[in-house]
Amino acid sequence: MKDRRILAASALALLLLLVLPARYLFFLALPAGDGKTVRIVDFAKGESVARIAADLERDGIVSSARIFVIHTRLKGVSGKLQAGEYQFSNGMRPGEILRMMLNGEVAVRRFAVPEGYSIHQLAELLESQKLFSKEGFLKAATDPALLTELGIEGKSVEGYLFPSTYDVTRTMDEAALIRAMTAQFHKVCDGQLADAARRIGMTPFQVVTLASLIEKEAVVATDRPLISSVFHNRLAKGMRLQSDPTAVYGVRAFASAVTKQDIERQTPYNTYLIAGLPPGPIGNPSKGAIEAALNPVRTRYLYFVSKKDGTHHFSTSLDEHNAAVATYLKTNRGN
């Protein structure tokens with residue numbers, strides 16, 4: 001009987017030696033499901049591997065919390081998992097899940113800032129994509145404390161939200177996104193902006209403001225230096241800029257011809273009524289628009305009007321401009 005018990009125990013031990021490694025290998029090789037279950041899982045900093053594994057098992061992402069813990073310990077990475085929000089599916093293998101957490105591949109959504117968009121347009125776009133509320137973004141964009149932190153002299157971050165594509169994590173707030181966009185502005189533009197602005201007798205803020213007008217007016221990139229030339233020539237002569245987009249800034253997006261009511265509207269930005277540049281940018285210009293503001297083509301142009309094909313007709317005299325307006329717009333008013 002004793003020999004039989006020893007034999008049975010030995011057989012059981014052998015079976016366990018075979019079964020446990022097989023279970024472990026199956027765990028690593030096979031996902032927990034068919035990939036139809038997707039979960040956003042949030043892990044706080046300092047959370048234990050056992051708690052993380054339990055959450056993964058509860059959400060059906062891994063088939064065994066215990067084996068997941070064993071796997072992290074065998075790999076020697078128990079203390080190296082990065083906190084954050086992750087998007088996992090039950091069609092992922094445990095090794096892939098672990099790799100993502102080691103690399104900090106948190107769940108993100110891509111957000112593209114179009115060239116020339118104002119903070120108002122960006123706020124609407126962010127809300128439409130369910131990233132932030134319009135009100136929340138505009139509040140952050142005009143927050144005096146954040147403006148001081150970022151070293152922006154205007155009343156908002158307008159002009160410094162560089163047009164690019166950004167990764168937005170679920171834990172980011174509006175201020176964090178704004179910091180990322182302004183950091184990209186400085187990364188791209190700071191190398192040339194201050195010295196180049198000084199050479200043309202402007203401050204960097206004035207250059208960004210002018211670039212925002214150029215960005216709004218120009219449809220094709222080749223027109224930017226010419227439009228810049230018109231604005232520089234007008235500024236030098238003390239002429240009002242009479243830029244259509246400034247007449248509707250803060251009222252509506254500039255997407256069509258402005259009306260008589262628009263150009264007569266009393267706002268600090270309406271360059272039909274104020275002299276010089278508006279008090280700040282009216283959108284967020286691209287690097288190309290900033291370069292155009294810094295490097296206008298040498299011309300005597302003082303006027304331009306849209307030819308309705310994306311390009312503009314440029315004129316040196318009011319008579320020539322009025323003729324161009326009659327040709328292209330069939331009206332007596334142009335830029």
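Begin by colouring the chain by domain: domain 1 covers 27–106, domain 2 covers 109–189 and domain 3 covers 199–330, with bounds that come from an automatic or database domain assignment. The centres of domain 1 and domain 2, taken over C-alpha atoms, lie 33 Å apart.

This is a predicted model, in which local features need pLDDT of at least 70 and side-chain atom pairs count only at pLDDT 80 or more, while totals for chains, interfaces and linings use all residues. Residues are numbered from 1 along each chain as its sequence is written, and side-chain values use heavy atoms, with hydrogens and water left out.

Next, select residues 49–58, helix α2, and residues 65–75, helix α3; their axes are 8 Å apart and meet at an angle of about 140°. Helices here are DSSP runs (H or I, at least four residues), numbered from the N terminus. Axes are lines fitted to C-alpha atoms over the stretch in contact, and angles run from 0 to 180 degrees between N-to-C directions.

Show the side chains at this contact (heavy atoms within 4.5 Å). From α2 come V49, A50, A53, A54, L56 and E57, and from α3 come A65, F68, V69 and T72.

Finally, select L213 in helix α9, residues 204–217. Is L213 buried or exposed? Its relative accessibility is 0%, so L213 counts as buried (buried means under 20% relative accessible area, exposed over 50%, partly exposed in between, with a 1.4 Å probe and protein chains only). Display also F231, L241, S243, T246, P278 and I282, which L213 touches, not counting residues up to four places away in sequence.

Key:
Helices (H or I, at least four residues) and strands (E, at least two) are DSSP runs, numbered from the N terminus.
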